[in-house]
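Could you have a look at this model with me?

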Amino acid sequence: MTTEIESILVENRVFSPPADLMSQANVSGMRGYKALCDEADRDPEAFWARLGRENLVWDTPFNQVIDASNAPFYRFFPDGELNISANCLDRHMGTPVENHTALIFEADDGQVSRVTYKELLVRVSRLANAIKALGYAKGDRAVIYMPMSIEAVVAMQACARLGVIHSVVFGGFSSKSIHERVVDVGATLVITADAQIRGGRTIALKNAVDEALAMGGCEAVRKVITYRRAGSDIGWHADRDLWWHDVIQGQSDQCPPVTVEADHPLFILYTSGSTGKPKGVQHSSAGYLLWSLMTMKWTFDAKPDDVFWCTADVGWVTGHSYVTYGPLAAGVTQVVFEGVPTYPDAARFWKMIQAHKVSVFYTAPTAIRSLIKLSEADPAVHPRSFDLSSLRIIGSVGEPINPEAWVWYYNNVGAGRCPVIDTWWQTETGAHMITPLPGVTPLKPGSCTLPLPGIDAAVVDETGQEVERGKGGFLVIRKPWPAMIRTVWGDPERFKKTYFPPEMKGWYLAGDGAQRDKDGYFWIMGRIDDVLNVSGHRLGTMEVESALVAHEMVAEAAVVGRPDETTGEAIVAFVVLNGPLPQGDQAADMAQQLRDWVAREIGPIAKPREIRFGENLPKTRSGKIMRRLLRVVAKGEPITQDVSTLENPGILEQLAQAC
Ligand code: PRX
């Protein structure tokens, strides 16, 4: 394993937690945090058992806490049984929460609708009954391809209610991506919408599902349920297609939750890795929900009167843990937003925080960075022009937040009184792992600070030795935790190889470079593998390369990330064509064709920002593409490295000129 960790700016500014927040926080002060950490260190099993018993509602209480007999395929609470939808909804019935607003939905055009917990349970039960009536049962797999909506949450919860395993595909992914996931997961049911509306544009969803299912290999899909969102025209297959509003018609508003074992897969979510095909990260039921709920309580200090808003789409893990599951289990009111931060103008987030009196706001650095520029250019859309006094906590997720963006967020959105909670975690970890706690942790801009109680994070070298403070290395987690990935769906070997390589002594290898400072704070330094982070979206370089070489014009392609002020990283593709090297307008035209092609193959988020054509790629004599040098070329920097081992050093100059 090699690491290309670059030294990063280590901040010296420290921001203390606000005294009023600290005095009332669920975890209060460093002493409160340390007490939990000590409890977890002393006896991890007793710690997880206590949390499991106190925070989940069990149908069959567990006796065993961790089954490590087949590590790294850990099981938590293996003999316990429960239902996840009951733990998010039914648990609140008969309590004051039942009449609280569960979801405040704001549509792209600004229309607002609300459902209480009681109403949400009815909606989930009706859909679950409809799905059951169609013959689906525990263990079946459903692909969900829906816009941000109350119905998306209902669809996920309805599956959970029946023990049907869902796999949500982000609405921005192409039909090809849907197809891959439907096939890999062996889906028999698809739940979708006619279209989604974002930024004033209507984007077809059902038609993309039809295209995907026509690609072959999806014959197992018996039914497609379509929610009518936009009133768009859609294709119709009478034997397969059903309208959402038809199937729920006449269904009972009560649906007994199906009891499942603690480790029954709740969902499979595909994420990019170093190899070509995204992998299906399989999550458990009990352990996953426990940690989503605990992190709501600890990281976001969730209280019953909070209005929580996580801006992530349910197509990503953040939208699973902090839209569909964690906030509902915690019983807070939450905002669900269909649109984009810049429509109708860049004040959309601030207007919504003001209108819905949001108290906990959670978004991605890329959104912050794009809004900084727009806000600073126009006082009318600046957060200072809005009443954001309802906020008490502001969070960040998905990519490193640079200190400048952090400080702007803190001063302008949080008005210098709300801690910025920079949460490090991954699809595979299920929920937060390293993060400040709002009533505990002195903050340093750009650092995700300290691990949560029970999370044994460390920075090690390639032999698994812990490195000195101030030195870079690999981020590992040395003990199992309840929300950890259980396996890669259908590929247990890949799971072991990727996350538990032999040199890491049985520890979970996160795939990120990190460094700890003298105070033990963690600073994440980006991926150590060929994974890019574009606007907080995870993409494999191989995935984009495979899409490019699938085009008939392309002989070879290499993809690298280039640092970008707004999107974190931007994709730069170096392409060798089958024909002669194109010039001028022809090159621009071909680059555009290839960008559109990648959007069709994967989705618009994977479009290369830049495509450079060359006669060849820089290769070692053994034929290995030197991506390290391509990264330098992509940044527009001069090559200072030794290039004598290259087969064709002259190619670097050609690619540098090809801008
Ligand atoms: O590189 C890290 C980065 O995002 C990766 C995980 O991506 P994904 O599985 O899509 O999950 C994103 C939402 C949790 C990590 O390996 N990352 C995530 N959060 C942070 C981060 N990098 C730095 N700081 C963070 N707070």
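1. First, some housekeeping. This is a predicted model, in which local features need pLDDT of at least 70 and side-chain atom pairs count only at pLDDT 80 or more, while totals for chains, interfaces and linings use all residues. Residues are numbered from 1 along each chain as its sequence is written, and side-chain values use heavy atoms, with hydrogens and water left out.

2. Start with the open sheet: 7 strands in the order β5-β4-β17-β16-β18-β19-β20, with mixed pairing. β5 (112-116) and β20 stand at the edges with a single partner strand each, so one side of each has no neighbour in the sheet. On average, neighbouring strands here are turned by 20° against each other, direction ignored; the axes behind that angle are lines fitted to C-alpha atoms, for helices over the stretch in contact, and angles run from 0 to 180 degrees between N-to-C directions. Strands (E, at least two residues) and helices (H or I, at least four) are DSSP runs, numbered from the N terminus, and two strands pair if DSSP finds at least two bridges between them.

3. Within that sheet, take a look at β16 (residues 307-310), which pairs with β18 in the parallel sense over 3 bridges. Cysteine 310 sits opposite tyrosine 362 of β18.

4. β14 (residues 267-271) runs antiparallel to β15, joined by 5 bridges, and phenylalanine 267 faces histidine 283. β15 also pairs with β23 (residues 487-488), antiparallel over 2 bridges; there, valine 281 is opposite valine 488.

5. Helix α14 (residues 403-413) is mostly covered too, with 9 of its 11 residues buried. Among them are Trp406, Trp408, Tyr409 and Tyr410. What covers the buried residues includes α12 (348-356), α13 (365-377) and strands β18, β19 and β20. After the helix comes alanine 415, with a positive phi near 50°.

6. Is alanine 152 buried or exposed? Its relative accessibility is 1%, so alanine 152 counts as buried. This residue belongs to helix α6 (residues 150-162). Leaving out residues up to four places away in sequence, alanine 152 touches Met146, Pro147 and Val314, where contact means heavy atoms within 4.5 Å.

Methods:
Buried < 20%, exposed > 50% of the residue type's maximum accessible area, 1.4 Å probe, protein only.
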